[in-house]
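Student: Hi, I've just opened this one for the first time. Could you walk me through it?
Tutor: Gladly; here it is.
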Amino acid sequence: MNWRLKICDYHQLLFPQHHSYILFEGDSIYQHLSVKYQPQINFLGMFSNDKFMAGCNTKTKLPWNSPFFLVDFYLKQPKKFLFLGGGPCCAPTALWKRDNDRSISIDIVEQDPLVLELAAKFFNLPKDRRINIHHTQAQQFLIQNKKKYDAIFFDLGFTYERRNDKKYSFCAQKFTLKQLKKALTPQGIIIYVVIARRQCHQKQFLCELYQQFKKFFNYCELYSDEPQNHKKIQSHVFILNQKNMQNNKPFTKLSKTDDHWSNLYQELKGKQMNASVLT
Ligand SMILES: C[S@@+](CC[C@H](N)C(=O)[O-])C[C@H]1O[C@@H](n2cnc3c(N)ncnc32)[C@H](O)[C@@H]1O
């Protein structure tokens, strides 16, 4: 493997004191991709056009900052999972490892074949009959899909800046929300990730999105990073469901004395907000 030691600009902003090893850098038909490793903090991440996409902690193998495990606050034993936007597939891989003993099935939809190649090479995306990869666009997949899912993770890199971009405008359209709703089991939830700051125009965008969700889903809850001046990004996670739900203590894992999981849940819980901050 050709490892280069290089200081990369964007990553320097996140972790200025650490060097990055660039494990891969190249272009796909969709984007400029790189995989970077920071041994001091056990960070392995995939970057698109030099912006952080997703990654994992190489020691714990847990996804870096992934809200996917919010699913444990709502569902006892979810079995069918859909990931719209694969990226390095850190969340589905961690889930597969964790629930390996159960009869789960995971569908991953990713438009960029190179992204999936890198997920397999650097992020240990397993080859297994319970993981089905779909090399297609999320919008196309949803039109053809007939399956129902307990949990759908909508994580396509939808941001405020991309809201009017043709490739992303479908994300908030009625048609897409209807398709997503149709793909849910009665108890099923959607974990919908959007990147924007809760300020000025961007807040307006988030408000409109929230209003749009409320037309289709009875239950809409918000988990959000606090705005911080030095942080360039702020992510918001909406939990969408057809019924009113009870947000519980995590159904699984927290009772076990496994620090990784309890820390993860505490972090996620700390991000819970009253959705009225958006009205
Ligand atoms: C933020 S990453 C997903 C990270 C992933 N959830 C994880 O756990 O590692 C977003 C991914 O969505 C893919 N993507 C963007 N638009 C898409 C679309 N319309 N259809 C399918 N994949 C798309 C991008 O290529 C990128 O790999």
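Student: Which share of the contacts in the protein joins residues 24 or more positions apart?
Tutor: Among contacts with a separation of 6 or more, 68% are between residues 24 or more positions apart, where a contact means that two C-beta atoms, placed from the backbone, lie within 7 Å. This is a predicted model, in which local features need pLDDT of at least 70 and side-chain atom pairs count only at pLDDT 80 or more, while totals for chains, interfaces and linings use all residues. Residues are numbered from 1 along each chain as its sequence is written.

Student: OK, and how many helices and strands?
Tutor: The protein has eight helices and 13 strands, taken as DSSP runs numbered from the N terminus, with at least four residues of H or I for a helix and at least two of E for a strand.

Student: What order do the strands take in the open sheet?
Tutor: Eight strands run β8-β7-β6-β9-β10-β12-β11-β13 with mixed pairing, and two strands count as paired if DSSP finds at least two bridges between them. At the edges, β8 (131-134) and β13 (272-273) each pair on one side only.

Student: How do β6 and β7 pair, parallel or antiparallel?
Tutor: Strand β6 (residues 80-84) and strand β7 (residues 105-109) pair in the parallel sense over five bridges, and Leu82 has Asp107 in β7 as its bridge partner.

Student: Switching topic, which residues come nearest the ligand?
Tutor: Of the 24 residues around the ligand, Ala54, Gly85, Gly87, Ala91 and Ala138 come nearest, where a residue is near if its C-beta atom, placed from the backbone, lies within 6 Å. The elements giving two or more residues to this shell are β5 (51-57), α3 (90-98) and α5 (138-144).
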